[in-house]
Amino acid sequence: MATSRRTPAAAALVACGLLASACTGTDSGTDNGTGQILNVATTAEVTTWNPVKSFSTEVYYLSNVYEPLLWMNPPGSKERFRPALAERWQSSADARRWTFHLREGVTFHDGEPMNAAAVKASLEASAKDGGASFIWSALDTIETPDEHTVVLKLKSAAPVDMIASSMYGAWIVSPKALAKGEDYFAKGVDAGTGPYRVSEYQAKKRVVLKAYDKYWGGWKGERYRTVVARITAEPTAQQQMLQSGQVDYAGSLPLENVARFKKDKGYTVTECPTFQSHTAFFNTTKGPLKNVKVRQALAQAIPYDDIVKVGTEGFGARARGAVPAGAFPHDEELPQTPYDLEAARRLLTEAGYEGGKGLKLTLSYAAENAQQAKYAPLIKDSLAKVGVSVELQPILFNQQWEKAKADPATAQDIFLLMYWPTYSDAGSDNLVSLFRSSDKPFFNLSYWKDATYDKLVDEAGTHTATDQDKAAELYGKAQRRLLEQAPGAFLYDMRTPVVMNSEVKGFACNPNYSFSIPFHQLRHGAS
Amino acid sequence: MPRFLLRRLRGSLLVLLGVSAITFLLARVIPSNPALTYVGAKATPEEVERVTHALGLDQPLPVQYLSYLRNVLTGDWGTSIATKQPVLGELGDRLPATLELVGAAMAVALVLGVTLGCIAAVRPGRLIDQAVRLLSIAGVSVPAFWLGLLLQLLVFGRLGLLPPTGRIDSDLEFTAPIHSITGLNTVDALLTGNGAALASTAAHLILPALTLAAYPLGVVARMTRTSMLEALQQDHIRVGRAYGVPERTLVWRVALRNALPPTVTVLGLTAAYALTGAFFVEVVFDWPGLGQYAASGLLSLDYPAVMGVTLIGAIAYVLVNLAVDLVHARLDPRVRPA
């Protein structure tokens, strides 16, 4: 009987303990003797730990574990690049020979020295087997005249400074690890020179990064020596984690809820420009959309401002062409297609579709993309105002893309795509990948073929490394051709709200690496 | 009994074979390219083609299915397209979290459901009976994801009590790590005397377990009430009352034993249902179990992962039903000859 009398008291004690634990929550940035811990929530899954193969969201971690030869500074910086593993670099006048002088005394996490041989092996592996091997297509040979000098000889002029600072296919890896083959990396083994090492990896659950004590950049100040990344795709769950103090930073909050964090002094909200842009492709091989006037009419009947307001909750900015703001060769002088329903109706009449009579189009978008899901109905409603009927087809991106690539004749009429350049040269990427003629569709999902446009972008590409003004001028002409021929409509460039616990200091945006956070840059507290 | 068991096992194997065939077929007929998912959206066509061959996706479907079956039987459940890790290993990592959640939810449903059902049955038509019936209907009607969000909003958002997501405070994984014995955090923390971790894991378990318990609790309470009402009308109960047997003994010792077999059957079915219900709950509460794994696999078209989870789900259904049949047979000997 004594037991039964003690039970309520014991239960109360346990409950108090639970509630005390629950109410206290997690002390953000706890220092447990091994240094400050930064807890983050992210959607970034790992498709491979092999830095050579990497071409996806794992760059979130790899960019803290590996380093390239150069980092590219944010647009508007005094210097365009800053040294990473190369301290100095120069190119020949014809931009076909690039010399990099490497930082001395740097070691890989596995103890191997970072030297010219390691750089040569890494870049050759990236050019041969890399997930983004195409960025090195101009590479001919690599020479190593001494221990700390690397010379890249090219088949044709190329902006190697931009390529070498890419977030894909430009990481420098320990040659010892490279020699062990792809399986070596499978369990989350790393072999970089970056500030962090991969300490723990649980697929789709969490990644723990821990400080590399011998990092050449040092560990002065209250930097986070441990980073715990919890992988969760659900934005609402990320918000709960941030509000409950379980994480100090959440990478993908529901956009509509970001405003409340701006009002709370416990958080800092930074709006970071990115190179992610949203485009609507018109199927130029099918029915009425073969007619340029119909395409121009559609482009003028898209409610751009409403899309930015609703789709992005104001975090987007109307696109000016196919090159996102800040990326080369963005053109601030490029006109934007106006939202003009009267002009759209007039163009449809001229094309023989008065009142949009009989025009029924399909529009496909990625169902998992919350922004597209929000703004696709706006396009449907607005096109209905000019008499064009649109059937929305939300499907998973991989399915959407597979269907689009299969046969243009049976594919969708309008394809919504979120795209970003592999590295900061959106001329050779966005303008070529999305709109240059191609017999087999890949990302050119308007299936547009235009010899004038092809000639302009091809010629522009040859000038990027030697005369960027000339290249920009030619790319500008190409973009004007795009606006005139309307194979697509340019919707908006995305800005990402970065919401952090206000105790986390030192964050600065860089759209060149908008898929990653440089944890070594961050500090705890007011230091 | 052995013959009964053998017959049920044979039927179970057929069910599993059927489930594997249907899942395999569904995974292959949906319009997607697993090879593309494997190499990523920006891979070259040549790379996609190479992986298609390497994964055997260029083989005829029957060949692929037989190869899959053979591999499953030898412990190779395939490699996740998204993570490139063995599916069986990933399922093994996540199963304990789901078992812990489902176990806690079923314990709540059993204890509360049976108790409430009995209380309602002994006071039919009274306020408590009406309340229990209302609770039962609400439990089975309210969608789990909605209830989860509501609890998060009220208990965490408004009252500041109980953590809304996760399995344990992140920092405790470094300051008071749990030594894994069973994989069930609360049990392991208890076994190793890790008080801080026990408090944290128990606190994290409350909201998702209550959410997941809602449906089975409603069903169990309603079934117990109905069975108890029937049992309490039986002649032997009336005789017991006439002989002065205390009402408490009649209700909890005699009538409840008669009322339990249908409740156990329902409990078994709802336990298997809870496993799939956990999918929603795990996503809402960021609970790192099979449900979250399945949701992620479905969205990324990671068909080996989806097939792995489906197979685990089917095995769980089969085992739970088998267990229910055995318990039922134990409680009611008339079941066995059938």
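Residues are numbered from 1 along each chain as its sequence is written, while chains are lettered from A and ligands numbered from 1 in the order in which they are written. Because the model is predicted, local features need pLDDT of at least 70 and side-chain atom pairs count only at pLDDT 80 or more, whereas totals for chains, interfaces and linings use all residues.

View 1. Helices (H or I, at least four residues) and strands (E, at least two) are DSSP runs, numbered from the N terminus. Strand S10 of chain A covers residues 224–231, and eight of its eight residues are buried, so the strand is largely enclosed by the rest of the structure. A residue is buried if 20 or more other C-beta atoms lie within 10 Å of its own, exposed if 12 or fewer, and partly exposed in between, with C-beta atoms placed from the backbone. Two strands pair if DSSP finds at least two bridges between them. S10(A) pairs in the parallel sense with strand S1 (residues 36–42) of chain A, over seven bridges. With strand S9 (residues 206–211) of chain A the pairing of S10(A) is antiparallel, over five bridges. Val228(A) in S10(A) stands opposite Asn39(A) and is also the bridge partner of Val208(A).

**View 2. A four-stranded open sheet in chain A.** The strand order is S4-S5-S7-S6, with antiparallel pairing. Strands S4 (86–91) and S6 (139–146) stand at the edges with a single partner strand each, so one side of each has no neighbour in the sheet. From one strand to the next, the twist averages 20°. Strand S5 (residues 97–102) and strand S7 (residues 149–154) of chain A run antiparallel and are joined by five bridges. Arg97(A) stands opposite Lys153(A) in S7(A). Helix H3 (residues 116–129) of chain A lies across S5, S6 and S7 of chain A, and runs at about 170° to S6(A). Axes are lines fitted to C-alpha atoms, for helices over the stretch in contact, and angles run from 0 to 180 degrees between N-to-C directions.

**View 3. Helix H10 of chain A.** The buried residues of this helix (residues 341–350) are Ala344(A), Arg345(A), Leu347(A) and Leu348(A). Seen down the axis of H10(A), they fall within an arc of 165°, so they line one face of the helix; the arc is that of the directions from the helix axis to the C-beta atoms. These buried residues pack against helix H8 (292–300) of chain A. Gly352(A), with a positive phi near 95°, follows H10(A).

**View 4. The contact between chains A and B.** Chain A gives 43 residues to the contact and chain B gives 40 residues. Two residues are in contact if their C-beta atoms, placed from the backbone, lie within 7 Å. On the side of chain A that touches chain B, the elements giving two or more residues are helix H1 (2–24), S1, S10, helix H6 (235–243) and helix H12 (397–406) of chain A. H1(A) supplies the largest share of that side, six residues.

**View 5. Two packed helices in chain B.** Helix H5 (residues 87–122) and helix H10 (residues 195–232) of chain B pack at an angle of about 35°, their axes 6 Å apart.
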